Amino acid sequence: MPGIDLWQHADGVWHHAFAAQPLPPLWLVVGSGALALAAVASARVWPITRTVVTIVHEGGHAIVALATGQRRVRVRLYRDTAGETVSASGAAGVGIALTAAAGYPAPSLAGLGAAAMLAAGHVTGMLLLGLVLLAGLAVAVRNPYGILAVLATGATLAVICLYASALIQAGFGYAMTWFLLFGGVRPVMELHRQRRRGRTQRSDADQLARLTRMPGGAWVTIFGIFALAALVVSGLWLVRFR
């Protein structure tokens, strides 16, 4: 019966989430990384897949907003891969600054955490944690396209967790991890180019420049250093511990 079959799959996922699994071969780790890099570097693929990075970016804003005491946090995601996170009751200046600073590092931080779990052999656990975080974010999303994007991403993770073989789960998990790491670098580069051309005054870096005594360019540099450091450290974990 379909219900019993689904329950059996879910029970298997729960069991594997807490058990270390064999590490995949090097060709899968390197191949998934090359695929993720191609997706981020592609002028055709990136505008589509960037939505995943935006989801994590806005999720970072939302988590820090809640952690600093802000309430009624609302997230919107748009078709052009832009997003925004707002709250009806603001925190103190430090809380607002931390919230503004959380977006760009979020994909790299998520990739770093995923790499640590993969290096420990917890592929299913990493995918399941991503599904839980998406479910939490879905509650805060307030526009139709944003809800659709989060649900589609969550459904993909659920199908992989429930029905994919161990090898496919590993390939998907490593590809997504590499994608978050590479995808954490490119938006910072894009932000740098946009600010140099004077095309943005509402970015996170510009908001931080108004909230702190540091110029926006310094914040872009900090974002870039963090993204590159996360990529290097995670890459060593993924390739060495397998």
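In this predicted model, Trp-219 and Phe-223 sit four residues apart in helix α10, which spans residues 216-240, so about one helical turn separates them. Their ring centres are 6.3 Å apart and the planes meet at 40°, so the pair is tilted. Both residues are buried: Trp-219 has a relative accessible area of 13%, and Phe-223 has one of 2%. Together with Tyr-104, Trp-219 and Phe-223 make up one aromatic cluster.

Leaving aside residues up to four places away in sequence, Trp-219 touches Ala-101, Ala-205, Leu-208, Ala-209, Thr-212 and Met-214. With Thr-212, the side chain of Trp-219 also forms a polar contact of 3.2 Å to the side chain of that residue. Ala-205 is 14 residues from Trp-219 in sequence, yet their C-alpha atoms are 5.6 Å apart in space.

The model has four aromatic pairs. One of them, formed by Trp-178 and Phe-182, is stacked, with 5.7 Å from centre to centre and 20° between the planes. These two residues are also separated by about one helical turn, because they are four residues apart in helix α8 (residues 166-196). Trp-178 is buried at a relative accessible area of 9%, and Phe-182 is likewise buried at 16%.

Attention now turns to the pockets. The largest pocket has a volume of about 1,300 Å³. Its lining comprises 48 residues, and those nearest the centre are Val-56, Ala-110, Gly-130, Leu-134 and Leu-180. At least two lining residues come from each of α2 (26-41), α3 (46-67), β1 (71-77), α5 (105-119), α6 (123-140), α7 (144-163) and α8. Helix α3 gives the most, with 12 residues. By class, the lining of the largest pocket has 36 nonpolar residues, 11 polar ones and one charged.

The second largest pocket holds about 1,000 Å³ of space. It is lined by 33 residues, with Glu-58, Gly-83, Arg-202, Ser-203 and Asp-204 closest to its centre. Here α3, β2 (83-89), α4 (93-101), α8 and α9 (204-211) each contribute at least two residues to the lining. Helix α3 supplies the largest share of this lining too, with seven residues. The lining of the second largest pocket divides into 10 nonpolar, 15 polar and eight charged residues.

Conventions:
Residues numbered from 1 in each chain as written. Predicted model: local features only at pLDDT ≥ 70, side-chain atom pairs only at ≥ 80, totals over all residues. Heavy atoms only, no water. Phe/Tyr/Trp six-rings, centres within 6.5 Å; stacked < 30°, edge-to-face > 60°. Buried < 20%, exposed > 50% of the residue type's maximum accessible area, 1.4 Å probe, protein only. Contact = heavy atoms within 4.5 Å. Polar contact = N/O pair within 3.5 Å; in protein donor to acceptor, adjacent residues only side chain to side chain. 1 Å grid on protein atoms, 1.4 Å probe; cavity = no way out; pocket = protein on both sides within 12 Å on 5 of 7 lines; lining within 4 Å. Points joined across faces, edges and corners; volume = space filled by probe spheres on them. Nonpolar A, V, L, I, M, F, W, Y, C, P; charged D, E, K, R; others polar.
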